[in-house]
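Let us take a walk through this model together, one piece at a time. Here it is to look at as we go.

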Amino acid sequence: MVEGIYGTTMTMNLEEIEKLIKEGLPDATVEIQDLAGDGNHYSATVTSTQFSGKSKIEQHKMVYNSLKGKMGNELHALAIKTKE
Amino acid sequence: MEQQTNDLIKKEIENNEICLFMKGTPDAPQCGFSMAVSNMLKILEVNFKGVNVLENEHLRQGIKKFSDWPTIPQLYIKKEFIGGCDIIKEMYENGELVKLLESKNINFKKKLII
């Protein structure tokens with residue numbers, strides 16, 4: 001583990017991220033891309049009816065909650081886009 | 001220490017209408033996400049304070065707790081938490097950021113999007 005300007009460099013794989021989001025938001029459709037092919041920079045588009053009526057901040061928090069504290073730690077770079 | 005950090009965060013938010021907690025500075029961002037938000041504000045010619053969380057580990061962790069948000073950068077406008085990089089980028093692209101600045105009476109330069 002290296003503590004650098006990007007934080008710890010432990011990584012998570014794509015399937016693991018998808019699994020956690022789907023566990024947290026069971027009806028969600030999750031599309032994940034490994035942006036740099038390095039297992040460390042992902043983008044996820046999450047579509048769920050549970051986002052309906054919620055602010056963007058709340059929607060993103062729901063995704064963060066499903067990742068159980070990994071966001072900002074093992075998972076440094078995950079760009080999130082939420083859709084109702 | 002936690003109280004001190006919270007006071008520091010509150011002071012920054014109260015003293016700066018637009019306050020961006022970021023990694024690095026607006027002139028020398030140390031992370032792509034921080035750079036992206038900083039650049040969007042620069043393009044709109046918004047006067048903002050960049051607070052470098054890398055200078056203070058307590059601040060770096062404290063701001064995540066304070067906002068209940070796990071990542072940096074974090075943008076505050078008139079004491080309100082607006083979001084992180086993804087949300088600001090989306091708002092910049094769909095015009096909501098400009099609308100928000102207008103509604104909060106923040107000076108910025110309107111750009112013609114051609």
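Is Lys79(B) buried or exposed? Lys79(B) counts as exposed, because it has 11 C-beta neighbours inside 10 Å; the cut-offs are 20 or more other C-beta atoms within 10 Å for buried, 12 or fewer for exposed, and partly exposed in between, with C-beta atoms placed from the backbone. Before we go on, please keep in mind that this is a predicted model, in which local features need pLDDT of at least 70 and side-chain atom pairs count only at pLDDT 80 or more, while totals for chains, interfaces and linings use all residues. Residues are numbered from 1 along each chain as its sequence is written, and chains are lettered from A and ligands numbered from 1 in the order in which they are written.

Most residues other than glycine have a negative phi, and most peptide bonds are trans. Lys79(B) lies in the loop between strand 3 and strand 4 of chain B; helices (H or I, at least four residues) and strands (E, at least two) are DSSP runs, numbered from the N terminus. The hairpin of these two strands has 2 residues between the strands, and Lys78(B) there takes a positive phi near 45 degrees.

In chain B, 4 strands form an open sheet in the order 2-1-3-4, with mixed pairing; two strands pair if DSSP finds at least two bridges between them. Strand 2 (49–52) and strand 4 (80–83) of chain B each have a single partner strand, so they stand at the edges with one side left without a neighbour in the sheet. From one strand to the next, the twist averages 25 degrees; axes are lines fitted to C-alpha atoms, for helices over the stretch in contact, and angles run from 0 to 180 degrees between N-to-C directions.

Strand 1 (residues 18–22) of chain B pairs with strand 3 (residues 74–77) of chain B in the antiparallel sense over 4 bridges, with Ile77(B) as the bridge partner of Ile18(B) and Phe21(B) opposite Gln74(B). Strand 3 of chain B also pairs with strand 4 of chain B, in the antiparallel sense over 3 bridges, and here the bridge partner of Ile77(B) is Glu80(B). Gln74(B) and Tyr76(B) point one way from strand 3 of chain B, Leu75(B) and Ile77(B) the other way, and all are buried. In the loop that leads from helix 3 to strand 3 of chain B you will find Pro73(B), and the peptide bond from Ile72(B) to Pro73(B) is cis, with omega near 15 degrees.

What does the largest nonpolar core look like? It has 27 residues, and Cys19(B), Leu20(B), Phe21(B), Val37(B) and Ile88(B) are those with the most contacts inside it; such a core is a set of buried Ala, Val, Leu, Ile, Met, Phe, Trp, Tyr and Cys residues joined through C-beta atoms within 7 Å. Strand 1 of chain B gives the most to this core, with 5 residues.

Helix 4 (85–94) of chain B and helix 5 (residues 96–103) of chain B pack at an angle of about 90 degrees, with their axes 5 Å apart. That makes the two helices roughly perpendicular, a word used for 65 to 115 degrees, whereas under 35 counts as roughly parallel, over 145 as roughly antiparallel and the rest as oblique. Gly95(B) follows helix 4 of chain B and has a positive phi, near 85 degrees.Finally, let us turn to chain A, which has 2 helices and 5 strands in the pattern β-β-α-β-β-α-β along the sequence. The contact between the chains takes 11 residues from chain B and 11 residues from chain A; two residues are in contact if their C-beta atoms, placed from the backbone, lie within 7 Å. On the side of chain B that touches chain A, strand 4 and helix 4 of chain B are the elements that give two or more residues. In chain A, Lys68(A) sits in the loop between helix 2 and strand 5, with a positive phi near 50 degrees.
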